[in-house]
Amino acid sequence: MKLQEANVYREIQKNTQTAMKAMDTIAGKVYDDDLALQISRQSIMYAELHNEASRRLMDARAENYQGSALSDALLKTGIHYNTILNTSTGHLAEMLIRGSNNGILEMEKAIRHNERAGDRPMALAKQLIDFEEKNIQSLKKYL
């Protein structure tokens, strides 16, 4: 496996792992059943994308992305801080939209920095970006 290919797969792992942790943290604050269902469905798709990237890296015996406890703590602390005074459905949807926007930006950077990664990792990266864009559109109705 080429280094650039592994870099794209690791960025997919990082992106989806962050999204799943954020959704898990936000899920306990959601009171709208519709939004809760939306979050559950999105989390399942993130897990599928994460597992595909992990499988590709394992098949090539390449190193997986390893998040840090500090980044996890910062993510959860930021979510808790931003929901201390406001757990409205609109506010939670806005936080999720911002997270998806950030995910898109990070994946676009990974694609640009690893242009020779090959078709498979690029297709999976683009699938993740498309999924993030659809999430944003579906979350806008909660604003």
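Me: Which residues does Leu-35 touch, not counting residues up to four places away in sequence?

Reply: This is a predicted model, in which local features need pLDDT of at least 70, side-chain atom pairs count only at pLDDT 80 or more, and totals for chains, interfaces and linings use all residues. Residues are numbered from 1 along each chain as its sequence is written, and side-chain values use heavy atoms, with hydrogens and water left out.

Leu-35 touches Val-30, Thr-89, Leu-92, Leu-96, Leu-139 and Tyr-142, not counting residues up to four places away in sequence; contact means heavy atoms within 4.5 Å. Leu-35 is also among the residues with the most contacts inside the largest nonpolar core, together with Ile-12, Ile-26, Ile-39 and Leu-96. This core has 34 residues. A nonpolar core is a set of buried Ala, Val, Leu, Ile, Met, Phe, Trp, Tyr and Cys residues joined through side-chain atoms within 4.5 Å, where buried means under 20% relative accessible area (1.4 Å probe, protein chains only). The elements giving two or more residues to this core are H1, H2 (33–59), H4 (89–113) and H5; such helices are DSSP runs of H or I with at least four residues, numbered from the N terminus.

Asn-15 lies in helix H1. With a relative accessible area of 7%, Asn-15 is buried. Leaving aside neighbours within four places in sequence, Asn-15 is in contact with Gly-103, Met-107, Leu-128 and Glu-132.

Technical notes:
Buried < 20%, exposed > 50% of the residue type's maximum accessible area, 1.4 Å probe, protein only.
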